Amino acid sequence: MIRISAAVLGSGLAMAATAATPARAQFDWLAGHWCGEREGRQIEEVWLPEAGGTLLGMSRTLRDGRTESFEFMRLVAVGQGAGFHVQPNGVAPTVFTVASQGEGWAVFENAAHDFPNRIAYRREGDELKASISGPGEDGKRMEIPFDYRRCAPSR
């Protein structure tokens, strides 16, 4: 009887520990303040850490000290609304599904979207590599890379 009670108690404790442990954040590697340059433009992306299964992000592109573009982003890990919701310059969001992912990288796709129809992120230490790709105006595949580093602390 004691062995059975101990086994039941042990099973109950193990199940309770599992239920109390929150799910591992799938995209927390993206969180941070990232800065880069491309063709004379300064680009920043800021991602809040994952909370409630969602990361919130925003970006802005500056050229000659003026805002050229901005974007609001929401990355929903699982469940209803899962995907990468991208809203450039205040337009309605476009949703890209998670096509593939691994430790420190993810690829999002939306075949119905004109350009881009693929967005990729890869974290390499204090660097973040991103790219957008899809069919160009001539129909040939076009890819635009973005290389970010952690931004220097503000003064």
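This is a predicted model: local features need pLDDT of at least 70, side-chain atom pairs count only at pLDDT 80 or more; totals for chains, interfaces and linings use all residues.
Biologist: Okay, what makes β6 and β7 a pair?

Modeller: Strands here are DSSP runs (E, at least two residues; helices are H or I, at least four), numbered from the N terminus. Two strands pair if DSSP finds at least two bridges between them. Strand β6 (residues 94-102) and strand β7 (residues 105-109) are joined by 5 bridges and run antiparallel, so they pass the pairing rule. You can look for G102 opposite W105 in β7, and for T97, whose bridge partner in β7 is E109.

Biologist: And what sits between β6 and β7?

Modeller: They form a hairpin with 2 residues between them, and G104 in that turn has a positive phi of about 85°.

Biologist: What shape do the strands make overall?

Modeller: A closed barrel of 10 strands, running from β1 through to β10 with antiparallel pairing. Neighbouring strands of this sheet are turned by 25° against each other on average, direction ignored. For such angles, axes are lines fitted to C-alpha atoms (for helices, over the stretch in contact), and angles run from 0 to 180 degrees between N-to-C directions.

Biologist: Why is the link between C35 and C151 called a disulfide?

Modeller: The rule asks for a pair of cysteine sulfur atoms within 2.5 Å. C35 and C151 have their sulfurs 1.8 Å apart, so the pair qualifies. A search of the whole structure finds 1 disulfide. C35 lies in strand β1 (residues 32-38) and C151 in the segment after β10 (141-150), so the pair ties together parts that are 116 residues apart in sequence.

Biologist: Why is this disulfide called right-handed?

Modeller: Because the torsion about the S-S bond of C35 and C151 is about 105°.

Biologist: Are those two cysteines buried or exposed?

Modeller: Buried means under 20% relative accessible area, exposed means over 50%, and partly exposed is in between (1.4 Å probe, protein chains only). C151 has 15%, so C151 counts as buried. C35 has 28%, so C35 counts as partly exposed.

Biologist: What makes E39 and R41 a salt bridge?

Modeller: A salt bridge needs a side-chain nitrogen of Lys or Arg within 4 Å of a carboxyl oxygen of Asp or Glu. The closest N and O atoms of E39 and R41 are 3.4 Å apart, so they qualify. E39 also forms a salt bridge with R38, at 3.6 Å. Shared partners join R38, E39, R41, R63 and E68 into one network. E39 is exposed because its relative accessibility is 55%, while R38 is partly exposed at 25%. By this rule the count comes to 10 salt bridges, among them K129 with E127 at 3.3 Å.

Biologist: Last one: what makes M58, F70 and F72 a patch?

Modeller: Patches are made of residues with over 30% relative accessible area and no salt bridge; nonpolar side chains (Val, Leu, Ile, Met, Phe, Trp, Tyr) are joined within 5 Å, like charges within 9 Å. M58, in strand β3 (residues 54-63), has 45% relative accessibility, so M58 counts as partly exposed. Together M58, F70 and F72 form a nonpolar surface patch with about 290 Å² of accessible area, worked out by the Shrake-Rupley method with a 1.4 Å probe, where for residues only the protein chains shown count as cover.

Definitions and conventions: Residues are numbered from 1 along each chain as its sequence is written. Side-chain values use heavy atoms; hydrogens and water are left out.
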